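User: Please go through this model with me in a series of questions, giving the cut-offs behind each term as we reach it.

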Amino acid sequence: MILADKIIFLRKQQGWNQEQFAEQLNVSRQAVSKWESGLSIPDLDKIIKMSQIFGVSTDYLLKDDITELPKNATVDAAASFDDDENIFVSLEDANTYMSLCEKLSTFFGLGVALCIVCPIPLILLGGLSETAKYAPYEDILAGIGVAILLLIVALGVCVLVVCGMQTGKWEFLEKQAIALEYGVKGIVEKKKAAFEKTFIRSIAAGVVLCIVGVVPLLAAAGFDFSDFVYTALLAVLLLFVAVGVFLFVKNGVIHSCYEKLLQQGEYSDSEKRAKRRLDTVSTVYWCSIVAVYLLISFTSFEWHRTWIIWPVAGVFYAVVEAVAKAFMSKKQ
């Protein structure tokens with residue numbers, strides 16, 4: 001456990017809320033909230049005082065690899081994450097988070113878009129290999145196409161991982177109930193209202209691009225073009241979809257950061273509770289999809305066709321999620 005987890009566990013073991021614990025250390029409740037959310041670290045003198053209050057060593061508090069609980073511990077550390085207390089978010093915290101989301105939104109969109117366009121080189125090279133001129137080089141072109149695909153996927157995943165690492169410490173906004181400092185809610189609501197038109201336009205533009213991308217492919221069906229032309233039009237379709245999804249993700253990241261702070265939509269307290277229960281289902285589902293995709297792709301070597309697994313899996317996940325929610329509601 002990290003220090004933040006240990007503070008939460010030990011405080012609740014004493015039966016104190018954040019206000020009562022803050023009085024013991026002669027600090028504000030906001031300071032305790034930041035310690036427990038990992039946004040700041042207590043000073044050394046506060047660490048020493050905590051060790052005296054809780055009856056544990058400073059090594060236990062400061063060293064993550066020491067997980068042995070105090071002798072009077074009677075509950076599992078995982079139980080320390082109750083939902084009965086809000087995590088305090090100051091104006092500084094809110095501004096930092098909103099600025100970070102605005103900064104990284106383009107990179108999130110780019111990472112997802114790269115994962116969508118990755119099959120394009122393979123599709124084009126595959127279509128090229130069907131022509132008489134390049135037919136003898138079919139295997140070479142297929143190998144080059146797969147190599148380029150993997151490189152683009154690696155780049156896209158790398159971008160998403162780096163962005164995810166930078167926003168990692170703010171994950172509590174998606175999972176925990178929060179309390180905003182006085183005046184923060186009004187500022188966030190104002191920013192959200194100012195961004196609303198941009199968000200709506202970006203969603204509309206993304207939808208239009210995804211629809212328009214299909215038009216050339218459908219129009220070409222009425223003509224007697226070569227197979228390579230149809231292949232190229234499929235690549236154009238993916239490109240249009242990638243740009244549309246880029247707009248969805250880029251502006252969606254910014255819009256969702258406002259909803260997280262305001263605890264609206266899918267980030268309301270009730271939705272957060274439901275989402276935590278669905279985390280296991282989601283993890284198992286997507287890991288299974290990745291395994292199926294790789295198995296089919298590597299055994300058939302038809303990467304230009306197996307990409308269809310992802311949009312189908314995305315649509316089917318909505319069904320899986322709805323069934324899981326219905327089951328959980330019934331069980332409750």
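User: At its relative accessibility, does serine 51 count as buried or exposed?

Analyst: Serine 51 has a relative accessibility of 9%. Buried is defined as under 20% relative accessible area, exposed as over 50% and partly exposed as in between, with a 1.4 Å probe and protein chains only, so at 9% serine 51 counts as buried.

User: Where does serine 51 lie, and which residues is it in contact with, leaving aside its neighbours within four places in sequence?

Analyst: This is a predicted model in which local features need pLDDT of at least 70 and side-chain atom pairs count only at pLDDT 80 or more, while totals for chains, interfaces and linings use all residues. Residues are numbered from 1 along each chain as its sequence is written, and side-chain values use heavy atoms, with hydrogens and water left out. Serine 51 is placed in helix α4, where helices (H or I, at least four residues) and strands (E, at least two) are DSSP runs numbered from the N terminus. With contact taken as heavy atoms within 4.5 Å, and neighbours within four places in sequence left aside, the partners of serine 51 are Val56, Ser57, Thr58 and Leu61.

User: How many helices and strands does the protein have, and what share of its residues is buried?

Analyst: The protein has 15 helices and two strands. Among contacts between residues at least 6 apart in sequence, 77% join residues at least 24 apart. Of the 332 residues in the protein, the buried share is 37%.

User: Why can the buried residues of α2 be said to line one face of the helix, and what covers them?

Analyst: In helix α2 (residues 18–25), the buried residues are Gln18, Phe21, Ala22 and Leu25. Down the axis of α2 these residues fall within an arc of 105 degrees, so they line one face of the helix, the arc being that of the directions from the helix axis to the C-beta atoms. What covers the buried residues includes α1 (3–13), α3 (29–37) and α4 (44–54).

User: How many salt bridges does a search of the whole structure find, and what is the residue with which lysine 260 forms one?

Analyst: Taking a salt bridge as a side-chain nitrogen of Lys or Arg within 4 Å of a carboxyl oxygen of Asp or Glu, the search finds four. In the bridge of lysine 260 with glutamate 174, the closest N and O atoms are 2.9 Å apart. Lysine 260 lies in helix α12 (residues 227–262) and glutamate 174 in helix α9 (residues 172–175), so the pair ties together parts that are 86 residues apart in sequence.

User: How far apart in sequence are the parts tied together by glutamate 259 and lysine 192?

Analyst: Glutamate 259 forms a salt bridge with lysine 192, and the closest N and O atoms are 3.8 Å apart. Since glutamate 259 belongs to helix α12 and lysine 192 to helix α10 (residues 184–212), the pair ties together parts that are 67 residues apart in sequence. Glutamate 259 is buried with a relative accessible area of 15%, and lysine 192 also counts as buried at 14%. The separation in sequence is therefore 67 residues.

User: What kind of aromatic pair do phenylalanine 195 and tyrosine 258 form?

Analyst: The structure holds 13 aromatic pairs, counted where rings of Phe, Tyr and Trp (its six-membered ring) have centres within 6.5 Å, with planes under 30 degrees apart called stacked, over 60 edge-to-face and the rest tilted. For phenylalanine 195 and tyrosine 258, the values of 6.1 Å centre to centre and 70 degrees between the planes go with a pair that is edge-to-face.

User: Which helices hold phenylalanine 195 and tyrosine 258?

Analyst: Phenylalanine 195 counts as buried at 11% relative accessibility, and tyrosine 258 is buried with a relative accessible area of 3%. The pair ties together parts that are 63 residues apart in sequence, because phenylalanine 195 and tyrosine 258 lie, in that order, in helices α10 and α12.
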